[in-house]
Amino acid sequence: MMQLGPLGFASPWLLLALIALPILWWLLRATPPAPLRERFPGVAILLGLEPPERTPERTPWWLLLLRLLIVALAILAFAQPLLNPTKRLEGAGPVRVILDAGWASAADWDDRIAAASEIVAQAGRAERLVKLEILAETTDVERTDETLPAAEARARIEALQPSPWAPDRAALLTRLNEEATAETIWLHDGLDHDGAATEIAETLLGQDSLRVIGPERLAKAVRPDQPEGGVLSATVQRANTGIETMVTVIGYSAEADGARRPLVAEEATFGPEDTTATAVFDPPLELRNRIAMFAIEGNETAGGVALIDDRWTRRRVGLVSGERTDGGQRLLSGTHYVREALLGIAETREGSTADLLEQNIDALVVIDVGAFPAEEATALLEWVEAGGLLIRFAGPTLAATAEEARAGFGRLEDPLLPVRLRPGGRDLGGAMSWGAPQRLAPFKPDSPFAGLIPPEDAAITKQVLAEPDIDLPTRTWASLADGAPLVTADTRGEGRIVLVHTSADPRWSTLPISGLFVDILDRIIEVGSGGNAGEQGESSGFWRPVSLISSNGLLVPSQGDARNIEGAAFGQSATADAPPGLYEAVGGSDAGAQRAHNTLAPDAELTAMPAFPDGVATDTLGQRTETELKPWFLGAALLLLLLDAVASLALSGKLRGAVAALALFALTTPQGAEAADDKALRSALEGAFGYIVTGDAKTDDIVQKGLFGLVYILNARTSVEPPLPVAIDLENDELAVYPFIYWAITESQSRPSDDAIAKLNEYMRRGGMLVLDTRDQNLALASGETPGTRALRRLTAGLDLPPLARVPEGHVLRRSFYLLDDFPGRWKGGGVWVEAAPPEDVNEAAATGGFKNDGVSPVLVGGHDWIGAWAMNDSGRPLLPMGVGGERQREMALRFGVNLIMYTYTGSYKSDQVHIPALLERLGQ
Amino acid sequence: MSQTARLTANAAREAAALPPLLAEAERAAAAVFGVHGRRRAGSGETFWQYRQAQPGDAMQSIDWRRSGRSDEVFVRETEWETAQTVWLWPDDAASMRFKSKKAPAQKSDRAALLSLALAILLERGGERFAVLGRKDRKIRSGRAGVNNAAMLLSRERDAEGDYGFPPNEVLYTGGSRAVFMSDFFGDMDKLRAAMTEATSRRVRGVLLQIIDPAEEAFPYKGRVLFESIAGGLRYDADRAESLHDAYRGRLAERRDALKLMARKAGWRFAVHRTDQPVAPTLMMLHQTLENARVGR
C-alpha cells in the first residue's frame, strides 16, 4: 500500500514498470512506421535515384506521446489505484466488528452497512474470520457468539436493521473481558450512551489494535417538555456544542391508518454553547390535541421523534358557578380561584350549564351549586355517563341543599354527587367550635394525588361531610388528618363525578390559595379524562404496546409478538425489553390509559463520545469512500488505444475506409423503437383490442382469431366497431392505448419482467380491462385447481390484483347488452371472477382504498376459453368445436363477449340504468 | 457448339463494351470541328475542279473534252483521295493502368479514347488507320473499321510487363503517319529502336506522353514503398518528400530526351495529362497528322 495524497496504490511495486517508459520511447522512436505501399508507374524514373537523406520517417511526436501515455495508464491501472483508500486490515486472526446499531446509527445506516461490508469483504479477501458484535439487537435474535466466515457475516450485516434504542455497551464490556480477539473495528454512533465507551476502548486497545469509525454528524434527539403552564414545547438535544444551528421540530398527528401528518412546525435555535434548544408551539386547541409526536425535521431516527400522550392534551373545562356574587369582590369568588388554577392546565369556558355542555368540554367545574333543574340534571348525567368529568365544589348552597334534603325537600340522593352528604356541615376552628382547623392527611398511594405533598399551610375550616358508607373509603381520594373525606369521587358510566368537600374560595379553607389547589385540579382533570393520575411508572398492571417507534422514527402499529412492559419502564430510556412506543394499560387502576414511552428518558441527556485514548485509529464515516480507479485507468487507456488506431489509420491514409465501415455500422442500429410507437399510435387512434403474445404459436393464433371473431360480431351487432386486434409484446409495447387486453394463460409462457408487471398494474389502475383466461375449465377438479390456475398464479405473481369475487347476481356484466345468467365459453361451470364489490359502507370503502374506477373491475379471471368459442376464420366460420352445449353455447359465449366489451366501454353506466324506474318514481312525487 | 457459344458470348461482351468507348470517342471527335474531307486537289478518282492549264502542267493532264468547249486549255483535277494509313499505338502495358486519386481516368483508358476518337476523325476524312498492339496490326477503314477498333480497344488488355513499347516489325507503308501514346517510362533504347524502324519507312508522327497528375506532381510524403503496377520494380523511399525535386528533375530529363528523339525523327512530342480535357489534344493530334501529310 502506497499513498500519494488521496490516491493510493494497492500494488505499488508495479509502478516500477514506469521506469521502462524512456526505453519504450527510444524504441518507438527508433522504429520507423510501416511504409505506405504505393503503386506508382513512375518508379522506373526513381530507380537508381540516390535519396538525399536516409533518415527514416519518424513516428510523429504526438503519436509517440499518446502511446507512452497508454502504456503509463496501463501500468498505473494494474498497480490498482484507489481514490481515498480506506485503511486496510492488518494482522491475522479473526476480526472483531462492533456495530452500535442503536437509534443514533439510523441516520447514516447505509453508510455504516457499506463500511462494515467493506471491512468484512477485506477480511474475506484475507481469509479471516469475522466476529460480529451488534450492540443494540432485539432480544429475539439469538446472539451468535461464534465467529463467522466473511460471507456469512456479510449476509448478516446486510440484513441488519438499527434498533430504536441505545446500544448496550456495558454488556459488551463484560463480554470483552471474557474473550480477547485480534484487531477490532468499532463503528460507533458518536454518543456516549452509558459511559462505557472509554473503558471499552481501553480494554480493546489493551488486547490488540482498535480502529473506530464515527459518524460525520452526531444525532440529535427530541423530547417533549412536561406540559406545565399550558405551553406545549419540545426540547431538542445535541451532544456537540460550538456552532449555532437551528432545527425545525414538526408536530405530527398519528392517523388511524398509521400515517402521520405534519400539523405544526416550529424552530428551535441552539446558541453556540447550548446543548438544548426549545421549540414552543402555540397552535389552536383542536390542532394541539391532535399532535401525537414531535420529530426533528430531516432526522429519521427513533431518538429524533418523541411521542406525547394524553398528559399533553390540553382540555377544555367549563366553569359554572352557583355563588351569589358580591359585586366585584373577586378574591372572594371561587370562580376566580378555579379559573386561575386552571390557567396552565386547560382552557376554560364559562357560561350556563346547557351552553357549556354543547361546547364539547372535557370537564365541568361546578362551584357551589346545590341542585340542578330536572332537565339540566338529566342532561348533565347523560353527559357524565358519556365520559364527562364533573367536578363540584362545596359551598354554602350545597350545604343548604343537604339540609333541605333532610328536611324532606328534594331528593335524598343526588346522582350528581359521588357520596351522600350529611346534613349540616362541619365547622372547625371557628369561634363557636372547639377543634382546630384541620390539615390534610398525606395522600394514600392508590389515590390519584399520590406523590403530592400536602402543604403545611393548607387548613380546612369548614366542609360538608359525607354520610358514612361502606363504599366511602374507596371513593375517597383525599381526606383530612382526622380521616374525614375531603375529595371524593365516583364513576357514572364512562365518566366521573368528583366532589371537593370544601369551597373553592378561601372562606372555608386556605386550600384555594395554596399551591396544592392547582395540582389537585390538574390531577383530577387528568384522571377524569382517562389518564393515569398517579406519578408515572408507579401504576400497577401491565402496559400493552399499541404502536411502536421504528428505528427510522416512524410510528408503526405493534405486531402481535410485541411484549407487554411493566409500568416501571416508563421514565427510563427504551431498551430491547421495553421498546419505545405508545402503550396502553392492561388492568390496574388506570386500565385504558395511554402512555408514551420514548427512546430517551425524559431526563436523559446526550453526551458526546469522550476522546479516545492514544493509539486508537479514528476515522469518519461516509466522508471518503474508497473508489477503485483501475477500471477508469484501463478505460482511459483503451480509449487512447482507439484514438491511436484512428491516428495510425489516418497517418497511413486508410482512415476513409474505416470511417465508411463505422458509418455503415451506425446506420444499421435504430429500428425497433419506432415500430412499437407506430403500432401504439395506430391502436390508439382506432381503439384496437390487444392480446398478449404468449409465445405459444398455436395459442396466439387462436387468440388472434378469437378476438377477430369478437370484433366481427361486435361490428355486426353493435355500434362498437373496433379494428382488427393487435398482438401485444408485454415487454416492449405501450399498454395504455388498448381499451381491452386478452391474456390467454399458457403453461409455457415465462414470467413477464418486473417492468412488464408494473406496466400491467398501471394499466389496471388507470381503468384498463384485462381478461385472464386459463382456457382449461374442463380440466377443473372439485377444488377448482387446473394446470392453468397454477400457471396463472405463477405468471401473475406481483400483479396488483384487486380482491376478487365471483361475479355477483345483478352485476352489470350480466346485463350490459344481453341479459345473461351464465358466462359460458367453450366450457361451462366454475367461477368467473371480477373485483369484489366494495363494502356497503362508503367510509369503510374509502378507508380500505378499494373501489376505484367507479367500481368497474379492471380484471376478469376465468377458465372458460371464451376466446376459443369466439375464434372464427376470415369468413366467419367457427374454428373450434364447442363442448356439450353446442352451437347454442357458442352464441351465449359471443353474447358474453359483447357484454364484456360493453362493460369495458361503459363501465357502471348500465347499472345506473337499472335505477331509472326508481328515479322516475321519485321524480313523479 | 461450344465454339459458337463462346464466340457469341464474346461478341455480346464486346458489343456491350463497345458503346461507351465509341460514344465517348464520338463525342470527343465531334468537339473537333472544321474537318471535312480534304477539299484539296490531289491524286484521287473523284472530280474536284477544272482549272486553266499553267505552264508546267503535264500534257497528259489536260482535259481535252473540257478544253474543246472553250478557248482555254483546262486541266481536270481530281480530289486528293489517296487514303493514307495512320498507325495508332495506345500503350496498354501495366504502367498505363494507373490512376491516382485525383485523376479522372486511367492512362490506358485515355490512350484508348484518344486513339478511337482519332480513328473516327480519320475515318471521316476517308483515311485508313491501324491500331497497333493487342496482337493486331490490321489496317482498317470505314465505319466498320471504327467499330472493330472500338471493340479491340475495349477488350481486356493482356499485360506483358510493366512498360510497353511500340511493336516492331510493323509493315509500315511508306510515308504513312503514326501516333505513339504511352507514358514512355520504359527503356528508351527499345523506344528508339521502334522509332528508328518507323522513320526508316518514312513514317512521321507524334509521341504523345500520357501521364497521370500524380506522376507529374509526385505528391508523396513519409515512408513509402513504391511499386510498379505489375510489381516488377520497387523503390523504398524513407522520406518520399525529399525525393520530390529529384523526381521532377528526372522526369524533365526524360521529356527532353524524348523531345530530342522526336525532333531528330521529324516527329512531334506532346504531353497529355489525364486530368486535362481530351479535345485540345485531339485537335492537336489531328492537325499535326494533317500537316505531316502535306509534307511539313
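Which residues of helix 4 of chain B are buried? The legends below refer to a predicted model, and the first of them takes up this question.

**View 1. Helix 4 of chain B and its buried residues.** Helix 4 of chain B covers residues 142-154. Its buried residues are B:V146, B:A149, B:A150, B:L152, B:L153 and B:S154. Of the 296 residues of chain B, 37% count as buried. Among contacts in chain B between residues at least 6 apart in sequence, 76% join residues at least 24 apart.

**View 2. The contact of chain A with chain B.** Chain A contributes 23 residues and chain B 29 residues. On the side of chain A that touches chain B, strand 3 (36-39) and helix 2 (43-46) each supply at least two residues. By class, that side of chain A has 15 nonpolar, two polar and six charged residues. Strand 3 of chain A runs parallel to strand 8 (residues 224-227) of chain B, and four bridges join the two. Within this pairing, A:L36 has B:V224 as its bridge partner.

**View 3. Helix 4 and helix 5 of chain A.** Two packed helices are described by the angle between their axes and the distance between the axes. Here the axes of helix 4 (residues 109-125) and helix 5 (residues 150-159) of chain A come within 9 Å and cross at roughly 175 degrees. Because of this angle, helix 4 of chain A is roughly antiparallel to helix 5 of chain A. Helix 4 of chain A takes part through A:I113, A:A116, A:S117, A:V120, A:A121, A:A123 and A:G124, while helix 5 of chain A supplies A:A150, A:A151, A:A153, A:R154, A:I157 and A:E158. By class, this contact has nine nonpolar, two polar and two charged residues.

**View 4. Strand 6 of chain A and its partner, strand 5.** Five of the five residues of strand 6 (residues 130-134) of chain A are buried, so this strand is largely enclosed by the rest of the structure. Both of its faces are covered, with A:V130, A:L132 and A:I134 buried on one side and A:K131 and A:E133 buried on the other. Strand 5 (residues 95-99) of chain A runs parallel to strand 6 of chain A, and five bridges join them. A:R96 stands opposite A:K131 of strand 6.

**View 5. An open sheet of four strands in chain A.** The strand order is 12-11-14-15, with antiparallel pairing. Strand 12 (260-270) and strand 15 (305-307) of chain A are the edge strands, each pairing on one side only. Neighbouring strands of the sheet are turned by 25 degrees against each other on average, direction ignored. Strand 11 (residues 245-254) and strand 14 (residues 291-296) of chain A are joined by five bridges in the antiparallel sense. A:V249 stands opposite A:I296 in strand 14 of chain A.

View 6. Most residues other than glycine have a negative phi. With 27 C-beta neighbours inside 10 Å, A:A101 counts as buried.

How values were computed: Residues numbered from 1 in each chain as written. Chains lettered and ligands numbered in written order. Predicted model: local features only at pLDDT ≥ 70, side-chain atom pairs only at ≥ 80, totals over all residues. Contact = placed C-beta atoms within 7 Å. Nonpolar A, V, L, I, M, F, W, Y, C, P; charged D, E, K, R; others polar. Pairing = 2+ DSSP bridges. Expected span 1.5 Å × (residues − 1). Buried ≥ 20, exposed ≤ 12 C-beta atoms within 10 Å, placed from the backbone. Axes fitted to C-alpha atoms, helices over the stretch in contact; angles between N-to-C directions. Parallel < 35°, antiparallel > 145°, perpendicular 65-115°, else oblique.
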